[in-house]
Amino acid sequence: MGVIQRIKKPTTRKGKKVLLSREPKAIEGPKQCIFLQARNPSERARKVLKDIYTLKKPDAAFLSRKNDFVPFEDATVIEKLCYKKEAALFGVSSHSKKRPHNIVLGRTFNYNILDMIELGADNFKAMSEFHNIKVLSGIKPCLLFNGPAWVLNPELKRLKNLLTDFFYREKVETIRLQGLEHAISFTATDDGVIYLRSYRILLKKSGQRTPRIELEEIGPSIDFKLRRTKLASDDLCREACRIPKEVKPITKKNLSTDAFGTKLGRVHMSKQDINRLQTRKMKGLKKTPEEKKKMLMKKKLAKKAAKQANLISSL
């Protein structure tokens with residue numbers, strides 16, 4: 001007979017705090033990410049992962065220890081480490097003769113693998129090879145996705161969603177022009193090649209109110225080749241992306257905004273009795289003696305009918 005697994009409640013304040021932090025929240029902060037080494041990572045794959053970790057900091061952890069596993073065959077190591085580090089995103093570097101300089105990016109849902117996408121780093125130029133000023137860590141980058149393949153190819157469409165999840169930080173209500181300092185460009189081709197480029201945004205004087213924009217490449221510069229994918233089903237992806245009721249905005253009925261930004265409202269009223277409306281007293285609108293007699297006769301007939309109905313009901 002197997003041992004019954006009992007749910008042990010926390011007894012200390014610290015234990016309760018840890019369990020509360022792991023519970024699902026209506027409004028989540030930036031997602032944490034872990035970067036780890038798989039079986040026999042090459043020097044290029046390790047540097048690529050290190051540069052992606054630099055772009056993701058400070059919401060990331062780089063684990064330098066090598067792990068003897070293959071992500072597409074056994075992902076239990078990733079799930080355990082994601083649960084331990086409370087991370088929803090992961091990146092794995094590996095190398096083999098069949099798949100050289102391999103990078104696997106993925107995410108988890110409820111600490112189980114949601115989807116994984118395998119990329120090969122064909123060409124790579126590290127951040128250290130660009131001898132210029134870099135941006136500060138923790139700055140929210142501006143993501144640019146170039147090419148129609150991001151919409152037409154379903155695998156690239158899911159990769160776009162994954163990359164947006166990777167570099168998404170806190171939610172921003174308004175944008176300040178001086179706050180845009182970092183831009184990451186992803187250009188996809190029809191043959192499955194993705195060009196990753198990172199730029200520093202420079203605001204130059206233009207003699208007008210709006211400044212002139214210049215882009216300075218700061219690295220890394222990576223040419224990825226799309227390889228294997230392990231995507232979640234549409235139902236599971238829909239469940240993972242479901243927005244709770246507490247966060248959904250309450251729609252206000254009968255309110256609209258026109259092209260000029262003016263708020264317009266519609267008010268519903270009960271049906272009006274036109275006969276009782278107070279109009280201007282004009283001699284031409286006065287009732288004739290015959291019309292007054294007809295109105296009196298109608299009222300008398302209505303009273304008689306009401307009395308007869310009361311007598312019948314009393315009998």
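Helices (DSSP runs of H or I, at least four residues) and strands (DSSP runs of E, at least two) are numbered from the N terminus. This is a predicted model, in which local features need pLDDT of at least 70, side-chain atom pairs count only at pLDDT 80 or more, and totals for chains, interfaces and linings use all residues. Residues are numbered from 1 along each chain as its sequence is written, and side-chain values use heavy atoms, with hydrogens and water left out.

**Confidence**

- The mean pLDDT (the predictor's confidence in each residue, from 0 to 100) is 86 for the chain, and 95% of the residues score at least 70.
- Over residues 1-5 the pLDDT is below 50, and this stretch has 0 contacts (heavy atoms within 4.5 Å) beyond near neighbours in sequence.
- Where pLDDT is low, the predicted coordinates should not be read in detail.

**The largest pocket**

- On a 1 Å grid over the protein atoms alone, a pocket is an open set of points with protein on both sides within 12 Å along at least five of seven lines, a cavity is a set where a 1.4 Å probe fits but cannot get out, and lining residues have an atom within 4 Å of a point.
- Grid points are joined across faces, edges and corners, and a volume is the space filled by probe spheres set on the points.
- Two or more lining residues come from each of α1 (13-22), β4 (102-109), α5 (154-167) and α6 (234-240).
- By class, 18 lining residues are nonpolar (Ala, Val, Leu, Ile, Met, Phe, Trp, Tyr, Cys and Pro), 13 are charged (Asp, Glu, Lys and Arg) and 7 are polar (the others, Gly among them).

- The largest cavity holds about 50 Å³ of space.
- Ile52, Leu105, Leu163, Phe166, Phe167, Phe186, Leu196 and Phe224 line the largest cavity, and α5 gives the largest share, 3 residues.
- This lining has 8 nonpolar residues, with no polar and no charged ones.
- The second largest cavity, of about 40 Å³, is lined by Leu119, Leu159, Leu163, Phe186, Ile194, Leu196 and Phe224.
- At least two residues of that lining come from each of α5 and β8 (193-204), and its classes are 7 nonpolar, no polar and no charged.
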